[in-house]
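Please look through the structure below before reading on. The paragraphs after it go through the model part by part.

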Amino acid sequence: MSVSGSSAPSRPAAGSSETGTAGMTRYELLELEQENKTPARRALDAFLTICPLLACGVALLEYYLVPDKFANPNPERYTILLLIPAAIYAILLAVSAVRYRAGDKQRYWKMLHRAPLWTAIYLVLAVFDYATLKTGALLYPFIPWVNDILNGAISDLPNLALSTLYSLRLLTLGYFAGVAAGLLTGITAGYSSRIRYWITPIVKILGPIPPVIWIPLVMIILPSLFTGSVFIIALGSWFPVTIATLTGISSIDPAYFDAARLLGATERQLIFRVAIPHAMPNILQGMTQGMSTACITLLTAEMTGVKAGLGWYVTWFKNWASYNRMFAAIIVLCIIFNAVSKALDLIKKRALRWQNGGGS
Amino acid sequence: MPHTPVLKLDHVSKSFARVDTNDITHAVSDISLELEKGEFVCLVGTSGCGKSTLLRLIAGLIQPTMGQIMANGKPVEGPSPQRGMVFQQPTLFPWLTVEQNIAFSFRMAGTLKQNRAKVDRMLETIGLEPFRRDYPGQLSGGMAQRVALARTLICEPEILLLDEPLGALDAFTRMNMQDEIRSIWHSSGQLVIMVTHDVDEAVYMSTRVVIMEAHPGRIKAQIPIDLGEERHRSSPAFVEYRNRILGLLNY
C-alpha cells in the first residue's frame, strides 16, 4: 500500500514509503494507521461529524414545536445561543472538509473527535428545555429554563457586570497578594534553614485551617470588609504557595548548586537562576491549589459579609426568589473560574515546557 | 624567578565531624602534590579514600581543614570557572535547553552577547548542533555528559576536574568519550585531574596515576605513565602498568 499518492504539500516527496517506515513523518504514520477503515466505517464517521448540527436542529424543533407551559418572552435569545456554536461548528467542519480534499486529514480527525461531545451537549439542552419550560418537571420554579436565565441576565446586565468586576477585583488583589507573600516566605524558608525554623511552625499550625474560619474575626478587626476579604483570600492562597515553594526549593539536589557555583554563579544567582527555576513545577502547583482556595474563600466572603460581587448577587437574588438571575450569576462564576484555571494551565504548560520533553 | 606549578597542594587535610556519632572522618590527610600544565592525572583508589573530597577541595567547593591549595601561586578560596568540574551525573539544569546550559557561565557573568559565537562553535565541536533547542530530559546519558563537559570547557579552565565523569555511561559510549576527552586535553594543553574507579581507564588516559588509600585518605604511590600517544589496551606495557597499579591497590 502506498501513502505517497496524495498531493498534500506538507508531505515529503514519495520514496519514503518504499523504504519501510524509516523516514516517515508522524503524520504519515498516523494516516497509514487510519487506512484499514472499511467504507461503511468511513460513511459512519462522516455522518458522525454532522450529528452536532442535527442535534442542534432537534433542540430547535423541540423549542419551537412543543408548546410552552410558562410565559417565555424574547424567545429568540435562546435560539441565538443555540445557533452560534452550531454556526462555528459548521464553519470548522467546512474548513476541515476542504482541507481533507487537499490531503490534510488532521482537522477532520479533530472534528470527528469533537462531534460526539457537541451532539451530546445539544441533546442535553433539548431534554433540559423540555423538563423545564415545556413541562416544569424539573423542580419548577427553582430551576429555570435557559431562555429565562438569559432574560434574567440581560435585564439586569449592569448589576451583573458590576458584580463580576467586584469579584474579579477582590480575587485578583487577594490572590496575588497571597502568591507574592507565599513566594517570599517559601523561597526564603526553602533557602535558609534558620528562616525555615521559624516559618515551619506557623505554616504547620495555621495552614490546615480553612481560611474562611477567620472571616468573622477579620470583619471585626480590619477597618473595612474589603480589606478583610483581601486579607482572607490572600491567607488562603499564601499557605499552599508557601508549602509548595518551600518543598520545591529545599528539595534541590545540592549538586545543582555546586555545578552553578563552579560556573561562576553568585549567591543571588543561585537563588534566581537555580533555586527558583528548579522549584517552578512546585510553585505553579501551589499557585493552582492557591487559586482554588482563593475561589472558595472569595465566594464564602461574598455570601456571608461583603455586599458586592457574584457571591452576594447569588444570595441576594435567591432571597428574592429570582432564580433565573441566581443561575445567571452561577454561570458567570463558572465561566470565570474555568477561564482562570485555563489561564493557569497555559502558564504551566509554557513555563514547564522542559518537563514534557517538548523541544523547540 | 622560582617556578610556580599550576596547582600545588601543601600538606592538605580535610576532616568532617560526623553527624551520627562523636567521631571525626579524616577524608584526606596530609596530601602534598605539585601538578603541571599539560598533565593528565588520574586519582584511583577504593571508595572512601577521599578522591572526590580532594577534587572538591581543589575546585574550592570546600575548604581544607589544614594546609593550603595554590592555583597559579594564589590560594584557592572558592569555586571559579578557571577550575571547571564535571561530575558523574551531568547535573545539567533541566529547565534550560542544551544551548542555554552551555552558555550558563556567560549568562552568570553577563557576557553572553559577546560570546554567542563561542557557544555556536562549542555546539558544533561536540556535535550537538541539531539538539541545541532540546531540553536535557530528551538527551541520552552520553549526550548529556558531553553537554556537561562543553558547559565546563567553554570557560576555558586552566584546570579541568573530572569526578568519575564516565562512570554512569555504557561501555561503548565510555570508550568513545575517553578518546574525546583525551583529544580535548591534547588541543588545550590544560591540566586535567580525573577521579576514576577504573584502572584501565586511568592507564589509558593519564600521564600520571595517583593511587590513594583510605582511613585516612592519603597518597600511596604515584606512577608516571609513559605510553606515548597511541595506546592499546592489550599492549604488554599497558597490561604491566595495569597489573602494577592493581597490585598497589591490593588486588
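This is a predicted model: local features need pLDDT of at least 70, side-chain atom pairs count only at pLDDT 80 or more; totals for chains, interfaces and linings use all residues.

Residues are numbered from 1 along each chain as its sequence is written, and chains are lettered from A and ligands numbered from 1 in the order in which they are written. The model has an ipTM of 0.89 and a pTM of 0.81.

Helix α3 of chain A runs over residues 76-101. Helices (H or I, at least four residues) and strands (E, at least two) are DSSP runs, numbered from the N terminus. The 26 residues of α3(A) span 37 Å from first C-alpha to last, close to the expected 38 Å; the expected span is 1.5 Å times one less than the number of residues. Which residues of α3(A) are buried? They include A:Y78, A:L82, A:Y89 and A:S96, where buried means that 20 or more other C-beta atoms, placed from the backbone, lie within 10 Å of a residue's own. Among the elements covering the buried residues of α3(A) are α2 (39-65), α4 (106-134) and α5 (146-155) of chain A. After α3(A) comes A:G103, with a positive phi near 105 degrees.

In chain B, strands β1 (residues 7-17) and β4 (residues 66-71) pair in the antiparallel sense over five bridges; pairing requires that DSSP finds at least two bridges between two strands. Within this pairing, B:L7 has B:A71 in β4(B) as its bridge partner. β4(B) also pairs in the antiparallel sense with β5 (residues 74-75) of chain B, over two bridges, and B:M70 stands opposite B:P75 in β5(B). β4(B) and β5(B) form a hairpin with two residues between them, and B:N72 in the turn has a positive phi of about 55 degrees.

The contact between the chains takes 17 residues from chain A and 23 residues from chain B, two residues being in contact if their C-beta atoms, placed from the backbone, lie within 7 Å. On the side of chain B that touches chain A, β6 (83-86) and α3 (104-109) of chain B each supply at least two residues. α3(B) gives the most to that side, with four residues.

Technical notes. A residue is buried if 20 or more other C-beta atoms lie within 10 Å of its own, exposed if 12 or fewer, and partly exposed in between; C-beta atoms are placed from the backbone.
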